[in-house]
Structure formats: C-alpha cells, structure tokens
Amino acid sequence: MSTTSTTTTPAPVTTPNHGFVAVATICPASAVADPVRNADLCYEQLQRAAKLGAKVVAFPEVTLTSYIADDLLYHEILLDTAERELGRLVERTADLDVLFSVGIPLCINGKIYNTLAVCHRGRILGVVPKTFIPTYGVDFEGRWFHPGPQDVTEITVAGQEHVPFGSHQVFRCRQLPQLCVGYEICEDIWSPEPPSIKLALAGATVICNGSASNASLSKPSYRRSLIAGQSARLLCCYAYCSSGQGDSTGDVTVGGQLIVAENGDILAQAGPFGDDLAIADIDVESLWAARRSMSSFIVAPSAQAAGYHETLFDMGFPEHDLRRPVSRTPFVPAQADDLRDSCNLVIAMQAHGLLARIASQDATHVAVDTTQGAPLDSALAIVAASALTQLETAASPDVYVCVNADESDGTAQMMAALAHALGLPTATLAEETKLPASVEVEQQPLDPTISLSDIVTDASWVLVNPCDMTQLALGLAEFPFDIARQYGVNSQVARTMVPEILRFVENHWPQDGLEDALDPILALPDDLRVPEHDAAAANFGTELAPTVVLDFYLDGFLRAGYRPAKLFALARQAFAGTYTDRQLIDWMESFYGRFFAAQFMHHALPDGPRMGSAGLDLRDGSMMPPYAQPSLWLDEVRSLR
C-alpha cells in the first residue's frame with residue numbers, strides 16, 4: 001500500500017501534554033439541502049471546539065447536505081455545492097490546529113458515496129467512505145449510496161488533487177505517534193465485523209464515527225453500551241456523533257447523541273436532544289500501554305503491514321487543564337451500584353480463597369491475627385472469616401479471632417466486639433504452648449489462649465494475616481510467623497477500599513450489633529505508619545503520605561504505568577486545593593523509594609486472593625525485578641521541584 005510518508009518518526013522522550021488529546025464530537029443543527037449554511041455551522045462549531053482545546057473533532061455523516069436530502073442527492077447542483085462548501089470550510093480553517101472529519105456525499109466516477117472528509121490546516125488529508133450501507137427499517141441508503149472500497153486510490157476533491165480515498169486509512173500525528181485516528185460511519189459499528197476492529201489492529205487508537213441514527217426508546221442506552229464496549233474491546237477511544245434535530249421528520253426523529261468513550265469508560269456524552277458538543281481528554285499514551293501489556297492484542301508493526309494507507313500530520317499540544325475525571329480513589333468504584341457489587345464480591349472472593357487454602361492444606365483451625373495489623377485491616381479479616389463460616393461446605397474449620405491479651409488495649413476491645421457481633425469466638429496469642437508437647441492440638445480443650453508455636457508447627461492451622469496491599473507494596477508490614485501457615489486475605493485490597501467494604505457490611509449484613517461494633521473502628525484514622533525497625537526510613541524518612549495519596553500513586557504505577565511527571569500532573573488535578581505541589585512531590589519521592597526498596601519482600605508474600613488488575617507478585621500478574629534501581633523514577637521526581 002502507498003503512504004504519504006515512508007519515514008517513521010520515533011516517539012519523543014516525553015510525550016506532548018503527557019499523552020492527553022482532547023477529542024470532541026459535535027452535532028450542528030444542519031438544514032436539509034443547504035450546504036452553505038451547514039458549512040458555516042461547522043466552521044462556527046470548529047472555532048468553538050478549538051477554543052476549548054479540542055484537537056480531534058468529529059461531525060455526523062453527510063452533515064453538509066443533511067442525512068434526509070433523499071432523492072435530492074441525485075441532483076448535481078446539491079452535490080457540487082456540497083463539495084464547493086467543503087473546500088471553503090477547509091480554507092477557512094487553515095489556521096486551526098484541529099484534525100476534523102465532516103460528512104459529505106461525493107460523486108466519484110459516476111457513483112455516490114457516503115463519506116467523511118478528514119481535514120487539517122487547510123488540507124483534505126483523506127476521504128473515508130462508508131462500508132456497510134443499510135437498506136432496512138427507516139434507512140434507505142442503498143437507493144442513493146454505493147458501498148465504499150477498502151483499497152485506497154487517489155481522487156480530486158474540492159479542488160485538491162491526490163487525496164487518498166478508501167476505507168483502509170489511518171491518520172497519525174508525527175509529534176505524538178500514539179495519536180492514530182481511524183474512521184467508520186454509522187452502520188459500520190452495527191455490523192457483525194465493524195471496520196474499527198481492523199483499524200485498531202492497524203494502529204488506530206482513536207476511532208471516530210459520524211452517524212445519523214434515529215431516536216427510539218431503547219437506542220440511547222444501547223448505543224452507550226455498544227460504544228463503551230467497542231472502546232474496551234479495541235483498547236481505544238471511540239468518539240461517536242449522531243446528527244440532530246435538523247435531520248428529523250414528522251415521523252422519524254433524530255436526537256443527536258454524542259459519546260466519547262475510552263477503554264470501556266464514557267468520559268463525555270450529550271443527548272439525545274441535549275447539548276451539541278461533547279469533549280474529553282483521551283489518554284492515548286495509556287491506550288498504547290494497555291495494548292503493550294495484552295499479548296493477544298496483535299497490532300501490525302505498521303499500518304502498511306496491515307494493508308492500510310497512513311497519512312502523517314503535524315500538530316502542537318500545548319498543556320491545558322484536563323477535561324476528564326480524575327478520581328482521588330482509583331481503587332474505589334465511583335458509582336454506588338458498582339461499589340456495592342465490588343464490596344460484596346471482595347468478601348466472597350476472600351471467603352472462597354480462604355476456603356481453597358484450608359482445603360488444600362487440610363486444615364481444621366483458622367486464627368485471625370488482629371494483634372499486628374491496622375484496626376481497619378483486622379476488621380476486614382474478621383469479616384472475611386465470618387463469611388467463610390457462612391459458606392455451605394463440608395469443611396467447617398474452627399475459626400478464632402486472636403486479640404491482644406492486654407485488657408486496656410482499646411483496639412483489642414473493638415476487635416473482640418466485632419467478633420462477638422459476627423458470632424466468632426475470641427482468643428489470645430501466647431508465645432509458647434501451656435500444654436504438654438505430647439498433646440495434639442485437635443485434642444486440646446477449647447481455651448481462650450492459642451499458642452504461636454502450635455500455629456507455626458502444626459499444618460492443621462491457617463493464620464489469617466490482615467495486611468493490605470498498600471502496606472505490602474511499601475514494605476510497611478512485618479511477617480512475624482512462618483509464611484507457610486499464613487494466608488493474606490487482604491493482600492490484594494488497597495487500603496482506601498477497606499473502609500468502603502466495612503461500611504457495606506455495616507449497612508447490608510443482618511447481624512445485630514454490627515453498627516455499634518463497626519462505627520468506632522471506622523472512626524479511627526486510617527493513615528499508615530512506619531514499622532519500628534524500618535530499613536527504608538534512613539533514606540526516605542518516617543513521614544508517609546496520606547493513604548489516599550499513596551493509593552493514587554500505587555494505582556498510577558501498578559495499573560497505568562505512568563511516568564512520574566504524568567502521575568504528578570494527574571495528582572495535581574485530583575488533589576487541587578487539598579495538598580501543595582511540594583507535598584505531592586515529597587510524598588512521591590518517598591513512594592517510589594519505598595516501593596522499589598520493598599521489591600524483595602514481594603517475592604515472599606503469603607497466598608492471598610487476587611482482587612483486581614493490580615498485584616504485587618507473579619501470582620497476581622506482576623513481574624517486578626526484586627533488585628531494580630529506582631534512579632530513573634527518582635531523578636524525574638526531583639526534576640519536578
């Protein structure tokens with residue numbers, strides 16, 4: 001296949017604007033068979049989008065004539081005027097650094113095609129035709145339009161010669177190679193094999209769809225799920241824009257639904273019959289990273305290798321305030337229904353994971369150690385143990401909640417109160433057994449004291465370690481017992497998620513007294529603390545960031561793979577008005593130092609149920625080298641000062 005440029009520009013050392021690109025979808029109030037007015041509307045909307053920082057803008061299909069021009073499309077005066085107005089629109093936007101696509105019917109070699117003209121800085125970079133032409137329901141496109149060819153040839157459009165024409169095209173930015181844009185039109189996404197699939201495998205990270213889909217009661221929610229699902233499947237941004245009220249008739253209304261989705265999440269939307277613009281910053285850098293980590297997502301080494309024509313363009317990316325939500329708590333689902341379901345699932349996975357460990361070890365006793373961990377973590381471990389006892393299973397081990405023997409310890413009293421509310425017996429831990437060595441544990445009478453030596457040496461015991469993922473990631477947890485007898489029930493639960501799960505239990509579990517037992521625990525501060533004998537304290541100090549900041553950094557490193565400069569930019573937005581830049585940078589330096597220093601510990605973690613996409617060892621999908629040097633990350637953090 002041919003290409004506009006045969007050279008490949010290497011990725012820059014740092015990506016412009018941290019890899020964020022503002023993508024907008026626009027629905028102008030087009031008029032039927034009035035290309036002059038419609039082109040003026042597009043120009044006005046492009047000016048507006050450019051002022052908002054948009055770099056990629058998508059308009060609906062056949063915008064310049066309206067979707068319901070019908071048999072007027074046979075008239076040369078309408079087709080010629082639309083093409084002339086396209087040329088005028090391109091000339092008027094020569095000073096706009098915006099890649100935009102506008103729908104236009106084009107007559108090529110005697111046949112009419114439903115196309116998107118892709119334009120930038122006074123040039124028509126390419127024309128992409130619609131692949132699947134619907135002639136069913138309320139659509140009669142087969143009466144006027146011819147299916148577009150895949151192979152790319154050159155045509156003359158609006159006075160510009162050698163314009164690539166065909167559906168197998170992508171458009172890539174030289175300055176930000178991660179920004180690679182592909183196009184499909186309306187029905188294409190509804191087909192069994194949408195062109196967007198092969199576009200993504202040819203390298204496209206942003207898919208724009210210009211549409212003119214009619215409104216109906218079920219369509220808005222279906223479109224949202226369709227677009228969000230396609231963006232997740234293809235690890236891309238999917239920008240969808242449908243024409244609006246201007247394409248409505250007395251019997252068929254068109255609502256102008258706009259959707260900008262990224263990897264399964266809808267970042268911006270409008271309509272139907274709502275605003276005429278939706279805009280969001282898309283993280284094309286992270287989309288590349290997601291594709292790198294998925295071995296089954298096989299992208300061709302180049303667009304040409306995939307059989308696609310690639311057109312390169314130049315674009316600037318000035319930094320700006322992000323137009324996308326940045327959650328302070330990325331490990332906590334934002335929607336109430338999702339949070340409730342996640343809390344319920346975490347507890348179920350903890351209970352079933354613990355059950356699998358007990359069965360494989362043939363254990364008959366479970367001890368939940370609350371003497372070493374943080375109160376919130378210990379409370380969640382007690383909840384998981386209680387959920388274990390509620391499972392319908394042939395194995396029914398004895399479960400004990402071990403508390404501090406010091407009766408003046410307020411935390412121990414809280415743990416005992418929670419255990420009693422959940423119907424679990426409590427016990428205290430002793431360093432040595434009080435019974436003769438010849439007496440086996442199974443024969444011992446029920447006693448409020450459990451021996452550590454029995455737990456360590458007897459395979460019938462499983463010790464539940466309550467440490468959470470945040471503690472383990474930063475080396476803030478100690479392992480005083482034999483690893484082979486431990487189960488890290490919270491080891492894949494981030495600290496910020498722990499109180500959310502406890503609140504779920506408080507509100508949804510039926511046991512009497514749960515609220516009285518959990519309220520004092522939830523009222524305690526959840527800040528992490530440095531252990532007494534901490535090897536990293538000499539280099540990184542004893543002051544730790546607030547838990548919410550540590551988990552924000554942990555998510556950025558483990559799940560997103562952000563470099564420090566990008567993670568800092570996101571943290572500034574998430575914590576604006578709460579923490580200063582200096583605090584965020586100081587805490588980030590400590591985070592990276594501690595995380596790398598703790599890597600050797602991650603290779604000795606006890607078993608624990610995997611909860612999400614972030615983990616700390618190979619069983620959880622992480623293969624961090626134990627002795628990696630943090631200098632690259634620390635140097636970049638220090639350069640931010």
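1. In this predicted model, helix α7 (residues 336–361) packs against helix α8 (residues 375–389), with axes that come within 8 Å and cross at roughly 70°. Angles of 65 to 115 degrees count as roughly perpendicular, so α7 is roughly perpendicular to α8. The crossing of the two helices is right-handed.

2. On the α7 side, the contact is made by Ile347, Gln350, Ala351, Leu354, Leu355 and Ile358. On the α8 side, Leu380, Val383, Ala384, Ala387 and Leu388 make the contact. By class, the residues in this contact of α7 with α8 are ten nonpolar and one polar, with no charged residues.

3. The largest nonpolar core has 50 residues, of which Leu418, Leu502 and Trp509 touch the most other members. Two or more residues of this core come from each of α7, β16 (365–369), α8, β17 (398–403), α9 (410–421), β20 (461–465), α12 (498–508) and α13 (514–522). The element that gives the most is α8, with ten residues.

4. Trp509 deserves a separate entry. Leaving out residues up to four places away in sequence, Trp509 touches Ile347, Val383, Ser386, Ala387, Gln390, Leu422, Phe504 and Leu514. Among these, Ile347 of α7 and Val383 and Ala387 of α8 also take part in the contact between the two helices.

5. Another core, of 42 residues, lies apart from the one described above. Its members include Phe331, Cys467, Ala494 and Phe568.

Conventions
Residues numbered from 1 in each chain as written. Predicted model: local features only at pLDDT ≥ 70, side-chain atom pairs only at ≥ 80, totals over all residues. Heavy atoms only, no water. Axes fitted to C-alpha atoms, helices over the stretch in contact; angles between N-to-C directions. Helix = DSSP H or I, 4+ residues; strand = E, 2+ residues; numbered from the N terminus. Parallel < 35°, antiparallel > 145°, perpendicular 65-115°, else oblique. Left-handed = near helix turned anticlockwise from the far one by under 90°. Contact = heavy atoms within 4.5 Å. Nonpolar A, V, L, I, M, F, W, Y, C, P; charged D, E, K, R; others polar. Core = buried A, V, L, I, M, F, W, Y, C linked by side-chain atoms within 4.5 Å. Buried < 20%, exposed > 50% of the residue type's maximum accessible area, 1.4 Å probe, protein only.
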